[in-house]
Amino acid sequence: MKYTSTRDHEHSVSFEHALFRGLAPDQGLYVPEYFPKVAKNLKQDLEKLSLTDLGLAIMQNFVTDIPTEHLAGIIQRTLTFPIPLVHLHHNLYLLEVFHGPTLAFKDVGARFMANALTYFAAHSNKKITIIVATSGDTGSAIAHAFHQAPNINVYILYPSKKITLLQEKQITTFGDNIHALEVDGTFDDCQRLVKSALTDQRVRDKTILTTSNSINISRLLPQMIYHTWGLAQLKQQGIAATPSLIVPSGNLGNLTSAVYAKRVGFAIKQFVAATNANAILPDFLETHEFHPKPSIATFANAMDVGNPSNFERLMDSYAHDQQRIAQEIIGTPISNDEILAEIKYSYENYNFILDPHTAVGVAAARKYQIHHDNPLIITATAHPAKFPEVIKLAINIDIELPDSLQRILNLPNRSLKISNDYAQLHQLLIS
Ligand SMILES: *Cc1c(COP(=O)(O)O)cnc(C)c1O
């Protein structure tokens, strides 16, 4: 399997190359050259497979430059937590992808990427430096996934005082090979510093330098596994009807991986792109025009994206066929008020506390449900305890932190403060 750029289908590289490059040289995103169909008997026997066997069956068609036995190990080390399908009400189901170490679905992609990079590093004896900017959630998933990975150093840049205490603790308390850098500036400053580093030849001469932001194809592909695992569990629960997938969306990585699952042959009826007030994709589906905008702050802040980076990849997976996109994807924006109302409704009626991002999905599912009675699987993207302020506002409850989060709150912050001028970061990286 080769990977090509969304902007040049002639340019093709290996999975390893796409993993290390992140972005193609023409600034396009790497996409698989084609979608390898899964075997018929795999679809028929979906309910009989384990999570990791299903993961291997899907991923081995996409990652052909890692021998199967090693790929199986990578998947096993990635999916070390359950991803249950929970019945919410009537035809609504929640796929809880938030039982990983940082309590959000990004653990799946970050851990697969870390394990794949570790594999390539070990087999080539290369020293690798990863540098990434974060506005909160990505940093914690990356820090956890790469902690103590041999031969890999990680620099995580976050804007000083602009992330929550919990998010900061999830990035800064590791030490070892995880270097947390508190930047005196904004998230945009962090991104600019990362870009400067990635093009700094003196740094590149010293180490293999790469980044791990969410456009990396190695984070996207493994997300097919949980979407498919949702389908498998539905069959296990004796439900044969074809489901639609409701996907809380920001940068559209979660949605694109769901579309990929359909492309390789799994039965999915439609997709609902559930956004917050940053309704770039729903607006596009209505007007056929793509208008990125500055992002608006909402209660579902991990989805506050005004220029979704995976849009290009999503369009590519439909060969830019607008009619087909409109048949398969329904865009549903949900307001801040609707987020609070949904958290309250689900709590009062089903005794279920939804995180604000999952609440966007459930609220969108409800709108879609009016015309559809097939099963609806909503990706539950984060644990509600990560957003205590919003939960308090919605239902006036102080949600209890899980032990794993409570523990890190008491650990010391080991971050290093740096200025938003590149010179200091340069010194750090070459020293
Ligand atoms: C990142 C994130 C999203 C959005 O996912 P995309 O792949 O960027 O569309 C939704 N919910 C949570 C909790 C997230 O962290």
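How far is an oxygen atom of the ligand from a polar backbone atom of Gly250? I looked this up and found 2.7 Å.

**Entry 1: ground rules**

I am working with a predicted model, in which local features need pLDDT of at least 70, side-chain atom pairs count only at pLDDT 80 or more, and totals for chains, interfaces and linings use all residues. Residues are numbered from 1 along each chain as its sequence is written, and side-chain values use heavy atoms, with hydrogens and water left out.

**Entry 2: the ligand**

I went on to other ligand contacts. A polar side-chain atom of Lys106 sits 2.5 Å from a ligand oxygen atom. For Leu252, a polar backbone atom is 2.8 Å from an oxygen atom of the ligand. On its own the ligand has 390 Å² of accessible area, and the protein covers 96% of that. I note that these areas come from the Shrake-Rupley method with a 1.4 Å probe, and that for residues only the protein chains shown count as cover.

The ligand is surrounded by 14 residues, and Lys106, Gly250, Asn251, Leu252 and Asn254 are the closest. Sorted by class, the shell holds 5 nonpolar, 7 polar and 2 charged residues. Here Ala, Val, Leu, Ile, Met, Phe, Trp, Tyr, Cys and Pro count as nonpolar, Asp, Glu, Lys and Arg as charged, and the others, Gly among them, as polar.

**Entry 3: the cores**

Which residues touch the most other members of the largest nonpolar core? I found Tyr3, Phe146, Leu281 and Ile329, in a core of 94 residues. Helix 5 (residues 106–124) gives the largest share of this core, 10 residues. Another core, of 33 residues, lies apart from it and includes Leu354, Val362, Ala365 and Leu376.

My terms: a nonpolar core is a set of buried Ala, Val, Leu, Ile, Met, Phe, Trp, Tyr and Cys residues joined through side-chain atoms within 4.5 Å. Buried means under 20% relative accessible area, exposed over 50%, and partly exposed in between, with a 1.4 Å probe and protein chains only. Helices (H or I, at least four residues) and strands (E, at least two) are DSSP runs, numbered from the N terminus.

I took strand 1 (residues 3–5) and strand 2 (residues 8–13), which run antiparallel and are joined by 3 bridges. Two strands pair if DSSP finds at least two bridges between them. Tyr3 has Val13 in strand 2 as its bridge partner, and 2 residues make the hairpin link from strand 1 to strand 2.

Thr6 is found in the loop between these strands. Is Thr6 buried or exposed? Thr6 counts as buried because its relative accessible area is 13%.

Next I checked strand 4 (residues 85–89) and strand 5 (residues 92–96), antiparallel and joined by 4 bridges. His87 has Tyr93 in strand 5 as its bridge partner. The two strands form a hairpin with 2 residues between them, and His90 in the turn has a positive phi of about 50°.

**Entry 4: positive phi in loops**

Asn151, in the loop between helix 6 (137–146) and strand 7 (152–159), has a positive phi of about 65° although it is not a glycine. Asn151 counts as partly exposed because its relative accessibility is 31%. Lys161, in the loop between strand 7 and helix 7 (165–172), is not a glycine either, and its phi is positive, near 65°. At 74% relative accessibility, Lys161 counts as exposed.

**Entry 5: helix residues and distances**

Arg324 lies in helix 15 (residues 322–328) and is partly exposed at 32% relative accessible area. Arg324 and Leu340 are 16 residues apart along the chain, with 33 Å between their C-alpha atoms. Pro282 belongs to helix 13 (residues 280–287) and is buried at 6%. From Pro282 to Ala385, 103 residues along the chain, the C-alpha separation is 29 Å.

Methods
Near = heavy atom within 4 Å. Polar contact = N/O pair within 3.5 Å; in protein donor to acceptor, adjacent residues only side chain to side chain.
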